[in-house]
Amino acid sequence: TLLIQESGGTAKTIARGLEMVREMLPVVNQAKRTPQPASKLKLALQCGGSDALSGITVNPSLGAAVDILVDQGGTAILSETPEMYGAEHLLLSRAVNDEVRQKFNSLLKWWEDYASKNGVSLDNNPSPGNKAGGLTTILEKSLGAQAKSGTSPLVAVYKYGEPVTESGLVFMDSPGFDPVSVTGQVASGANIVCFTTGRGSAFGFKPVPVIKLSSNSNVYRAMGDDIDINCGVVLEGEHTVQDCGREIFEMLLAVASGEHTRSEINEYGDNEFSPWQIGAVL
């Protein structure tokens, strides 16, 4: 730790920081890439700027990739608790035991109380962009959002930023605001992110790669520099959900092996680190 007040001022503190980094380089350069199994992957599932097609094309496609990853022993972290509201029964029906069901239900009760105390309602969650994309209710949004989780059993429920220790499909509590949610997922151990969008939300996260997936071909054509995989081809009959799921899974392996995503190429992710602040800030 360097203190500006004890290091001779701002310029000298920066110079000393750079010197310390240079001293670390010989140790850093000893790190070598080695083969690892897919079971080492912890995938954060995220959607932003959803539209009416998200729950039909891209989110089910990501769910198909999740099923492949889980079958390989990997982990997928579903989050955004308010965006499960109204579709929670679909997750609860896949919970492995009563403890997992009770933990998830307790999160929903907390959010109902949290929303009530702050004068808002959980059943009016869609943003103006969601509505412009064809979503009218939280139920429609939630049905699409939970599709990212595929069909695998829900094995555990975690608090925001709590280290994920189980393999398989897990849930981590978080707001629906994408930067806050992803920050918690990465703090919990996610080492790669899949981000679905129907409206073209631009997003990256510097600590880990972000793979961007579009729900429709119009967004892909308009934002080819930002979208890694177009799942709009499902709607057009060119590929099935399972085809896109396999493509997503193969890209997970490629990115984990060093291939750069569009978000990385565009250098997105400096400003998306956003921890969840709870309570009064004085």
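A pocket is an open set of grid points, taken over the protein atoms alone, where a 1.4 Å probe fits and protein lies on both sides within 12 Å along at least five of seven lines. In this predicted model, the second largest pocket holds about 350 Å³ of space. Of the 16 residues lining the second largest pocket, Arg33, Gln36, Leu41, Ala256 and Ser257 are the closest to its centre. Helix 9 supplies the largest share of this lining, namely three residues.

Helix 9 (residues 241-256) also meets helix 2 (residues 58-71), their axes coming within 7 Å and crossing at roughly 60 degrees. Helix 2 is therefore oblique to helix 9, and the crossing of the two helices is right-handed. On the side of helix 2 the contact is made by Pro60, Ser61, Leu62, Ala64, Ala65, Ile68 and Leu69, while helix 9 contributes Val241, Gln242, Cys244, Gly245, Arg246, Ile248 and Phe249.

| Site | Nonpolar | Polar | Charged |
|---|---|---|---|
| Lining of the second largest pocket | nine residues | five residues | two residues |

Methods. Residues are numbered from 1 along each chain as its sequence is written. This is a predicted model: local features need pLDDT of at least 70, side-chain atom pairs count only at pLDDT 80 or more; totals for chains, interfaces and linings use all residues. Side-chain values use heavy atoms; hydrogens and water are left out. Axes are lines fitted to C-alpha atoms, for helices over the stretch in contact, and angles run from 0 to 180 degrees between N-to-C directions. Helices (H or I, at least four residues) and strands (E, at least two) are DSSP runs, numbered from the N terminus. Angles under 35 degrees count as roughly parallel, over 145 as roughly antiparallel, 65 to 115 as roughly perpendicular and the rest as oblique. A crossing is left-handed if the near helix is turned anticlockwise from the far one by less than a right angle, and right-handed if clockwise. Contact means heavy atoms within 4.5 Å. On a 1 Å grid over the protein atoms alone, a cavity is a set of points where a 1.4 Å probe fits but cannot get out, and a pocket is an open set with protein on both sides within 12 Å along at least five of seven lines; lining residues have an atom within 4 Å of a point. Grid points are joined across faces, edges and corners, and a volume is the space filled by probe spheres set on the points. Ala, Val, Leu, Ile, Met, Phe, Trp, Tyr, Cys and Pro count as nonpolar, Asp, Glu, Lys and Arg as charged, and the others, Gly among them, as polar.
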